[in-house]
Amino acid sequence: MSFDHVRVSCTEPDYMDISWSFNPGSHSALAYTYIIERAESPAGPYEIIAGPMRDRYSARDYIAPMRRVWRTLYYRVSATGPDGTSHSEPTLCGPIPPLDGLEMTRLHNVLLREYVGRQCIVLASRTFGDR
């Protein structure tokens with residue numbers, strides 16, 4: 001069991017996205033639970049920010065941007081399963097995009113929220129039993 005990669009992206013000023021892929025070896029991926037931890041140094045101490053999760057491979061940290069202004073934050077994912085516990089390598093967030101890139105992302109999200117889906121009423125119809 002090993003982590004293929006852990007990625008921390010900072011494309012939004014309001015949160016950080018943490019995603020990972022895990023190679024469970026001979027066991028099923030559903031046999032493992034995942035915990036996301038955050039620290040200010042690679043050696044720790046780590047605090048749990050999300051989990052335990054099963055069959056989810058991404059999470060968001062909404063508190064980190066407020067703490068990140070003058071600090072470097074490290075993230076680590078822990079997988080617990082039949083073989084014990086495995087930790088990923090501590091991972092940093094990449095560079096913050098420039099302001100014009102952040103504004104483009106914000107405008108795209110506003111556009112998606114405005115035009116996502118249509119309002120409709122769904123009426124259940126009977127497909128079994130007496131009609």
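**Entry 1: a charge and a ring**

I began with Arg76, whose charged end sits over the ring of Tyr46, 4.1 Å from the ring's centre. I took "over a ring" to need NZ of Lys or CZ of Arg within 6 Å of the ring centre and within 35 degrees of the ring normal.

I noted that this is a predicted model: local features need pLDDT of at least 70, side-chain atom pairs count only at pLDDT 80 or more, and totals for chains, interfaces and linings use all residues. Residues are numbered from 1 along each chain as its sequence is written, and side-chain values use heavy atoms, with hydrogens and water left out.

**Entry 2: Ser88**

Arg76 turned up again when I looked at Ser88. Leaving aside neighbours within four places in sequence, Ser88 is in contact (heavy atoms within 4.5 Å) with Phe3, Val6, Arg76 and Val77. I placed Ser88 in the loop between β7 (84-87) and β8 (91-92). Strands here are DSSP runs of E, at least two residues, numbered from the N terminus.

Is Ser88 buried or exposed? Ser88 counts as buried, because its relative accessibility is 7%. Buried means under 20% relative accessible area, exposed over 50%, and partly exposed in between, with a 1.4 Å probe and protein chains only.

**Entry 3: β2 and β5**

Next I followed strand β2 (residues 16-23). Four bridges join β2 to β5, and the two run antiparallel. Strands pair if DSSP finds at least two bridges between them. I found Ser19 opposite Ser58 in β5.

Then I checked the side chains along β5 (residues 58-61), which alternate. Ala59 and Asp61 point to one face and are buried.

**Entry 4: aromatic rings**

How many aromatic pairs does the structure hold? I found three. Rings of Phe, Tyr and Trp (its six-membered ring) pair if their centres lie within 6.5 Å; planes under 30 degrees apart count as stacked, over 60 as edge-to-face and the rest as tilted.

One of them is Trp20 with Tyr34, a tilted pair: 5.8 Å centre to centre, 55 degrees between the planes. Trp20 lies in β2 and Tyr34 in β3 (residues 33-39), so the pair ties together parts 14 residues apart in sequence. Both Trp20 and Tyr34 are buried.

Trp20 also pairs with Tyr57, edge-to-face, at 6.5 Å centre to centre and 70 degrees between the planes. Tyr57 lies in the loop between β4 (47-53) and β5, so this pair ties together parts 37 residues apart in sequence.

I compared the accessible areas last. Trp20 is buried at 4%, whereas Tyr57 is partly exposed at 32%. Trp20, Tyr34 and Tyr57 form one aromatic cluster.
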